[in-house]
Amino acid sequence: MDPKAGGGGDEEDCVDSGAETGGSDYSHLSSTSSELSVEEAQDPFLVSIHIIADPGESQALQEAIDKVLAWIHPDLPLFRVSERRACRRRRKAPKGAQPALAVVLFLQEEYGEEQILQLHRTLQRPPWRHHHTERVQGRFLPYLPCSQDFFTLAPGTPLWAIRPVHYGKEIVRFTIYCSHDNYADSQRFYELILRRTPSQRKTDFCIFPVFSNLDVDIQFSLKRLPCDQSPVPTDSSVLEFRVRDIGELVPLLPNPCSPISEGRWQTEDHDGNKILLQVWACLSVCLETNQVTLPEAI
């Protein structure tokens, strides 16, 4: 889907987990810290996702992701798929568990019914698979049910969903589902990692701006789960954040943070989601040599 220049935001009438957007009841805060460098403020890859596939499956998964992202922008390598050495035995998720990571794509509704439904049909075909459907409140488009379908590529990888955006730019949003008790701590944790405060927030949801240009917005958000739901870390995918000064950051983190390669460190958030921290000073070297070292748990 060709991106369009636009402004004005992405107000949504339907509210659901992971797909909420701005509204009049949000508190609008400073979107970026004055301490951010030019590179950080303009980096579309400040947040990215590594996906670890079983042997022989990485190419199909990478192609599937690239095809879907091309509807937003043809050049958004926000996901990197690699392979583990051997297949893993999967643990059965406990009842009431919610995968902790989701990706929501907001598409311009002005492109019409067929364009959005075509992408929805794409997510219903292999290697994509339907995960679950959530009932939402409010108004959806006439040709879409007032419910939200979530899809996934493989066990332990993020949930995916698509939503129409009524005005403004198209959006790629990374969402982490937080346990009810850890939501406030998680918000402070990611403020520290991202070096910015949420631009929009409610008591159970907040949005961090990551990158914005005339074509697309990239966002990172947190969603607080009800007390009877628990987030389950996606054990075949991991978020990576680019950071400036790892020496200052490590003592402030709530969990141990240790190096796993030159310029790449690993830690966890309050709900046990593994996080990779890519040090800016070593970024160019890693890109040139295509070095990717992943957590041992993955």
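The expected span of a helix is 1.5 Å times one less than its number of residues. The model is predicted, so local features need pLDDT of at least 70 and side-chain atom pairs count only at pLDDT 80 or more, while totals for chains, interfaces and linings use all residues. Residues are numbered from 1 along each chain as its sequence is written, and side-chain values use heavy atoms, leaving out hydrogens and water.

**Overall composition**

- The protein has six helices and 16 strands; helices (H or I, at least four residues) and strands (E, at least two) are DSSP runs numbered from the N terminus.
- Of the 298 residues, 53% are buried, where buried means under 20% relative accessible area, exposed over 50%, and partly exposed in between (1.4 Å probe, protein chains only).
- Among contacts (heavy atoms within 4.5 Å) with a separation of 6 or more, 74% join residues 24 or more positions apart.

**Helix α4**

- Helix α4 covers residues 183-194, and its twelve residues should span 16 Å at 1.5 Å a residue; the end C-alpha atoms are 16 Å apart, which agrees.
- Its buried residues are Tyr-183, Ser-186, Gln-187, Phe-189, Tyr-190, Ile-193 and Leu-194.
- Viewed down the axis of α4, these buried residues fall within an arc of 165 degrees, so they line one face of the helix; the arc is that of the directions from the helix axis to the C-beta atoms.
- Arg-195, which follows α4, has a positive phi near 60 degrees.

- Strands β14 (residues 258-261) and β15 (residues 264-268) run antiparallel and are joined by three bridges; two strands pair if DSSP finds at least two bridges between them.
- Ser-258 has Gln-266 of β15 as its bridge partner.
- Two residues separate the strands of this hairpin, and Gly-263 in the turn has a positive phi of about 80 degrees.

**Ser-221**

- Ser-221 belongs to strand β11 (residues 216-224) and is buried, with a relative accessible area of 0%.
- Leaving aside residues up to four places away in sequence, Ser-221 touches Arg-173, Phe-174, Thr-175, Ile-176, Phe-205, Cys-206 and Ile-207.

**Nonpolar cores**

- A nonpolar core is a set of buried Ala, Val, Leu, Ile, Met, Phe, Trp, Tyr and Cys residues joined through side-chain atoms within 4.5 Å.
- The largest nonpolar core has 56 residues, and those with the most contacts inside it are Phe-79, Phe-220, Phe-241 and Leu-277.
- Apart from it lies another core of six residues, among them Ala-102, Leu-159, Tyr-177 and Leu-225.
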